[in-house]
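Welcome! Please take a look at the sequence and the 3D structure below, and then walk through the briefing that follows.

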Amino acid sequence: MKQKKNYKKLVQKNIKFKKNTFKQPKLFYLIFSIEIWERFGYYGLQSIFVIYLVKILGLSESSSITLFSSFNALVCGFVSIGGWLGDKILGTKRVIILGTIVLITGYSIIACSEHKIYSVYLGMATIAIGSGLFKANPSALLSTCYNKEDPKLDSAFTMYYMAINIGSFISMLFTPWIAIRYGWNIAFSLSVIGMIITLLNFISFYNIMKKYGSKPDFIKLKLNTLLAVISGIILLIPLSCWLLYHQNIARIFLILITIIIFTILIYETIKLYGISRKRMLAALIMMLEAIVFFVLYNQTPTSLNFFAIHNVETKLFGIYFEPEQYQALNPLWIIIMSPILAKFYNKTGNRFPIPFKFAVGMAFCSMSFLILSLGIKLTNDSNIVSIYWLILSYALQSIGELMISGLGMSMIAKLVPRRLTGFVMGAWFLTTATSAIIAGFVANLSVIPNNLNDPKISLILYSQVFMKIGIYSGIISIFMLLFARKVIQLLKTKKLNNQYTK
């Protein structure tokens with residue numbers, strides 16, 4: 001018993017850091033500053049890409065949604081590989097740098113594509129791999145700053161989630177406006193600039209991260225290992241490009257990756273014992289629950305985006321907005337609601353556990369679509385929906401997002417052993433990949449038939465689809481709420497398990 005107490009004190013001493021006035025470690029601010037620009041680049045592309053495929057490359061709405069869903073699935077499918085490389089091979093910090101360089105390359109290819117379809121596909125494939133390398137590792141690196149038993153961990157990751165959404169908000173607000181007025185290539189170039197800033201920022205303040213990282217970060221890098229990883233990336237780019245051309249095979253490929261990753265996770269869970277095994281099992285259950293949320297979340301660049309184009313008014317407070325700019329409402333609400341929820345989490349502590357937060361978050365997401373359906377029914381003869389219904393919908397969805405996606409990283413940091421954090425972070429994003437494929441099918445239910453520009457017909461179609469999404473997700477939220485107590489039973493312990501830091 002005494003030995004365990006001494007071990008706990010040692011762990012707490014190792015993770016102790018000097019706090020600034022906002023009570024976060026310096027590494028927190030470095031990581032969210034690089035995430036801001038990475039999110040700026042990715043969501044700037046996302047905000048205009050589906051429309052670009054329709055207006056410039058001549059794809060139908062249905063084809064553009066399907067292609068973007070496949071691209072998004074590849075992005076998230078590769079995240080587990082990035083997490084594994086960070087945990088086991090190169091180290092989190094080195095993989096972040098490598099992923100940033102690959103992303104700069106991918107965005108540059110699209111920006112210089114001159115609207116040639118093969119160049120766009122090549123750029124998409126490169127971005128998918130670069131994002132896969134990058135995504136899991138900043139949050140895995142950040143998790144090494146915090147004590148797993150700290151009840152304030154939820155609020156820390158909520159604030160982190162808010163910080164990275166600043167980049168999303170800025171890019172989603174300005175990229176569509178720039179694309180319309182100055183050209184698509186200029187708009188895509190903003191993503192390149194964002195990633196260059198990310199790279200320079202990360203390298204400039206590298207000293208702040210000396211004490212943090214995964215095990216390989218503290219081992220001298222072997223040249224052969226680095227060359228093998230780079231060779232693998234080079235081989236994956238044409239393979240990914242081919243998968244984007246053959247999307248049915250891409251879906252099979254994704255299913256295989258999902259099966260392999262979750263088989264590894266189950267194997268790692270079986271290897272654990274005691275409370276560590278129970279916590280890992282709880283993490284896996286909540287990852288499966290999150291799939292439903294990500295299906296709803298992935299409607300933003302697809303069905304919700306086209307809904308805004310076809311049937312939502314374009315003026316707010318007398319100011320004209322491009323319909324694509326309304327996607328910025330999501331990160332705007334994230335920025336507004338994050339400090340409120342963080343304060344609430346600090347007050348409630350462990351009295352409002354994550355399984356209940358997931359269930360309540362799903363209920364908010366359900367209401368966000370039901371509200372839109374109600375707004376459509378109250379539309380006048382113009383068949384144009386008031387922007388305020390969309391604003392309210394995004395507000396509800398964003399609260400749900402903070403309670404599920406925003407806390408997903410916190411959940412993993414709390415429940416997963418240190419040696420698996422990056423890999424499981426990658427598996428968390430794999431749930432997004434699975435959801436992206438399902439989301440593509442859901443979004444295609446609301447696709448307007450070609451050469452049909454009647455807003456009345458599109459309004460009826462959106463009303464039916466949004467109502468179904470709201471009802472089905474509402475039923476799922478009820479089941480999640482009822483099942484939450486079972487998941488909480490897996491988490492009840494006050495003991496510090498040695499495997500957390502292994």
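**The chain as a whole**

Among contacts in the protein chain (heavy atoms within 4.5 Å) between residues at least 6 apart in sequence, 85% join residues at least 24 apart. You are looking at a predicted model, where local features need pLDDT of at least 70 and side-chain atom pairs count only at pLDDT 80 or more, while totals for chains, interfaces and linings use all residues. Residues are numbered from 1 along each chain as its sequence is written, and side-chain values use heavy atoms, with hydrogens and water left out.

**Overall make-up**

- The protein chain has 17 helices and 2 strands; these are DSSP runs numbered from the N terminus, with helices being H or I of at least four residues and strands being E of at least two.
- Of the 502 residues of the protein chain, 60% count as buried. Buried means under 20% relative accessible area, exposed means over 50%, and partly exposed lies in between (1.4 Å probe, protein chains only).
- About 21300 Å² is the accessible surface of the protein chain, and 68% of that belongs to carbon and sulfur atoms. Such areas come from the Shrake-Rupley method with a 1.4 Å probe, and for residues only the protein chains shown count as cover.

- Helix 3 (residues 61-77) has 17 residues and reaches 24 Å from its first C-alpha to its last, close to the 24 Å expected at 1.5 Å a residue. The expected span is 1.5 Å times one less than the number of residues.
- Helix 3 is mostly covered, since 15 of its 17 residues are buried.
- Helix 10 (residues 247-271) holds Glu268, which counts as buried because its relative accessibility is 10%.
- Leaving aside neighbours within four places in sequence, Glu268 is in contact with Arg419 and Leu420.

**Salt bridges**

- How many salt bridges are there? The count comes to 5, where a salt bridge is a side-chain nitrogen of Lys or Arg within 4 Å of a carboxyl oxygen of Asp or Glu.
- One of them joins the side chains of Glu324 and Lys55 (3.9 Å, N to O). This pair links distant parts of the chain, 269 residues apart: Glu324 is in the loop between strand 2 and helix 13 (329-348), and Lys55 is in helix 2 (residues 26-55).
- Glu324 is buried because its relative accessibility is 5%, whereas Lys55 is exposed at 51%.
- Arg181 forms a salt bridge with Glu322, with the closest N and O atoms 3.4 Å apart. Here too, distant parts of the chain are linked: Arg181 is in helix 7 (residues 153-182) and Glu322 is in the loop between strand 2 and helix 13, 141 residues apart.

**Positive phi angles**

- Most residues other than glycine have a negative phi.
- His115 is not a glycine, yet has a positive phi of about 65°; this residue lies in the loop between helix 5 (92-111) and helix 6 (117-143).
- Phe317 also has a positive phi, near 55°, without being a glycine. Look for Phe317 in the loop between strand 1 (315-316) and strand 2 (319-320).
- Is Phe317 buried or exposed? Phe317 counts as exposed because its relative accessibility is 68%.

**A nonpolar surface patch**

- Leu370, Ile471, Tyr472, Ile475, Ile478, Phe479 and Leu482 form a nonpolar patch on the surface, with about 730 Å² of accessible area together.
- Patches are made of residues with over 30% relative accessible area and no salt bridge; like charges are joined within 9 Å, and nonpolar side chains (Val, Leu, Ile, Met, Phe, Trp, Tyr) within 5 Å.
- Helix 17 (residues 455-491) gives the most to the nonpolar patch, with 6 residues.
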